[in-house]
Amino acid sequence: MSFISTMKITATNLSKNYSGEELFSGVSFELEPGRRLAVTGPNGCGKSTLLSMLAGLTRADSGSINRSQGLKTGFVAQDLEDFELQTPLLEFVLSALPDWGEFWSRWKKAVSEDDKTQLGHLARRQAEIEQSCGYNPEYRAEKILTGLGFEKARFNLPLEHFSGGWRERARLARVLLQGTDLLILDEPTNHLDMEAVLWLENYLVSFSGILVLVAHDRFFLDKVATHVLPLGFDRPYFRPGNYSSFEKWHQETQLLREKEREKISGEIKHLKNFVDRFRYKASKARQAQARLAKMDSLESRKKKLQSDRSGKRLNFSWPVPEKSSRVAITCSELFFRQPQGPELLKNVNFQLFDGQKIALMGQNGSGKSTLFKLITGRTVPDSGSIKLGHNTRPAYFTQHQTETLAAQNTVLAEINRLSSRDLTQEEVRSVLGLFLLDETFWDRKVQSLSGGEKSRLVLSSLFLIRANLLLLDEPTNHLDMESREALVAALKDFPGAVFMTAHDRFLLSQVAGEVWSLENGRTVEHGLDFDEYYQRVVLMDQADPDPSHGQNHRSPGKNQSPHKEKKRQEARIRNQLYRELQPLKKEYAEKEQNLESSLQRQEELESIMALPETYQEPERFKELNRQYQDVCAQNDRLMHRLEELEQKITELEAWKPLNKEITRDEAEK
């Protein structure tokens, strides 16, 4: 058995090309137990390729990966073999521990043959396996499966009975059970509902080994990652902190780079004025030539300070739609039963108004996607009615791309089919380009596109429909971080109605004006935006689960009501949070004030150094430059510490019961 504390993996100057195009180069980092690295960047920048390299499945074109001897690696396989589809779920997960699988086969045989001698040998063997694999692997497997949303009644069903999304979860459960030193996960949240994502977050935060993952859920990355490796820039970065702290640092860095570019532009202009005046004057020719050379050097520096993002990024706004009636959807006494299954929707009643942006929450299988199909007429209710308002033009994005796209069509043929409007080819091609599907895609078959490219194709068709009602079922699945942010920005500005279901918390927090949920077949209107709903409902359910939903609930004492016990626990949490937050906030205020003064000093030095007379005093300029470098280094240290403090404060404040402010009186009680 490996000792996690001695394990390490080091990547040095990794590079990879694909079809003559460079995916990445110069990637270096070192990871030890407890480090959780998030690899981020746009689709096609090589994230999955890098993960495959770390798993030992793909070779780098140059550079090296060094692993500690005996390092055990867990990586989710891409496909299931035919024989695995015949395997019961629990048995498939336990097969990640070969010794355990073999043990149970022998145990079942011994029991069926009533072989008491063999059963005695196997009892001793069980103790040996539990020592190496951990106590009771079967219990741990069941706990992981339950956390990922599987019902215990389905543990013994063969995998072929599960949909693609649930098979993805099964593969994830198998890897989590292995007990690896290096855990590699490629978009693990794609097929999880919110409860399962929260469970996985908590599981990974407590994982004691090395974690490397690719994910596009900003909330998930901010909770899990201790380090970030963003690809898709003109050079790789390896930074401590979560994704949001990297974004903040990068934005601040870009501002400083832009200020430096402006300063260099001023220097170039000053030099150019001298050259233009004295270029052809014999007595000044040598000085003019020297300034020309310096201008070339400054132009080179200025070019290096350009934005370091490579490639195009999605950026669009929905076209202004035709105005619809005040009520976009009216749903009355709606009932729907699954074919040969239980009643899914029971007397659903609601009205959705033009301009409303509603997030529909609910567990997987609660009927959210079915409700959307009923609204669009793709499915017929057993009774009741759904009516769209006068002049309401709906557009539907389904998470199941095969339900929308014709795989054998070319991209150009498919966009013409989906848009269902009389459009010129110039208009169609222009919109495809807007969604990063340029002429190199037009003659490609839809089936050859990646998941992200298919999602952008569907979004482009919604753009052309000019809908005033958007029905969105997990619209960010398969989209990279940059594309998600572009979609969020476009939806925030969309003037029509939006009815969506998603587990992307960034999308929900930024776009949803109100949260509804599907519970026991009926819609519940909570009257809360997503942030309030997340704090009051989702996190509270996680922290204090109902006894009927699990076995981790601790009942209150004999003489204490559940309500009082809950209040007491909340007060204790508030007191602890207050004690932890105060010194952090005090230090943050001090560091922020120091940074403000230091940035002011930096601006002063820049202004002095930009003066023509300063260049005439080399020694003074040298001293000013030394001071400038010291101030810049100090600013970097202060910004890094502020990022750390901000992350800690944000994490602590996120766990306030009902997100209430803590008063000093409460804390001192």
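Predicted model: local features only at pLDDT ≥ 70, side-chain atom pairs only at ≥ 80, totals over all residues.

Visitor: Fine. How many helices and strands are in the protein?
Guide: The protein has 22 helices and 18 strands.

Visitor: And what share of the residues is buried?
Guide: Buried residues account for 44% of the 669 residues.

Visitor: What about the accessible surface of the protein?
Guide: That comes to about 34,800 Å². Carbon and sulfur atoms hold 47% of that area.

Visitor: Take contacts between residues at least 6 apart in sequence. What percentage joins residues at least 24 apart?
Guide: The figure is 70%.

Visitor: Switching to charges. How many salt bridges turn up in the whole structure?
Guide: The search finds 19.

Visitor: Give me one. Which residue does glutamate 168 meet in a salt bridge?
Guide: Arginine 171, at 2.8 Å from N to O. Both residues are in helix H7, which covers residues 164–177. They are three residues apart, about one turn of the helix.

Visitor: Is arginine 171 buried or exposed?
Guide: Arginine 171 counts as buried, because its relative accessibility is 9% and the cut-off is under 20%. Glutamate 168 is partly exposed, at 31%.

Visitor: Now lysine 223. What is its salt-bridge partner?
Guide: Glutamate 201, with 3.8 Å from N to O. This pair links distant parts of the chain. Lysine 223 is in helix H9 (residues 218–224), and glutamate 201 is in helix H8 (residues 194–205). The two are 22 residues apart.

Visitor: How accessible is each of those?
Guide: Lysine 223 is partly exposed, at 25% relative accessibility. Glutamate 201 is buried, with a relative accessible area of 2%.

Visitor: On to rings. How many aromatic pairs does the structure hold?
Guide: There are 19 aromatic pairs. One of them is phenylalanine 435 with phenylalanine 463.

Visitor: Why is that pair called edge-to-face?
Guide: Because the ring planes of phenylalanine 435 and phenylalanine 463 are at 75 degrees, and the edge-to-face class needs over 60. Their centres are 5.8 Å apart.

Visitor: Where do the two residues lie?
Guide: Phenylalanine 435 lies in the loop between helix H14 (425–434) and helix H15 (451–465). Phenylalanine 463 is in helix H15, so the pair ties together parts 28 residues apart in sequence.

Visitor: Phenylalanine 435: buried or exposed?
Guide: Phenylalanine 435 is buried, at 0% relative accessibility. Phenylalanine 463 also counts as buried, at 13%.

Visitor: Last topic. Which ring does the charged end of arginine 174 sit over?
Guide: The ring of phenylalanine 92, 5.0 Å from its centre.

Visitor: And arginine 218, what lies under its charged end?
Guide: There, the charged end sits over the ring of phenylalanine 506. The distance to the ring centre is 4.7 Å.

Key. Residues numbered from 1 in each chain as written. Heavy atoms only, no water. Helix = DSSP H or I, 4+ residues; strand = E, 2+ residues; numbered from the N terminus. Buried < 20%, exposed > 50% of the residue type's maximum accessible area, 1.4 Å probe, protein only. Contact = heavy atoms within 4.5 Å. Areas by Shrake-Rupley, 256 points an atom, 1.4 Å probe, with all protein chains shown as cover. Salt bridge = Lys/Arg side-chain N within 4 Å of Asp/Glu carboxyl O. Phe/Tyr/Trp six-rings, centres within 6.5 Å; stacked < 30°, edge-to-face > 60°. Lys NZ or Arg CZ within 6 Å of the ring centre and 35° of its normal.
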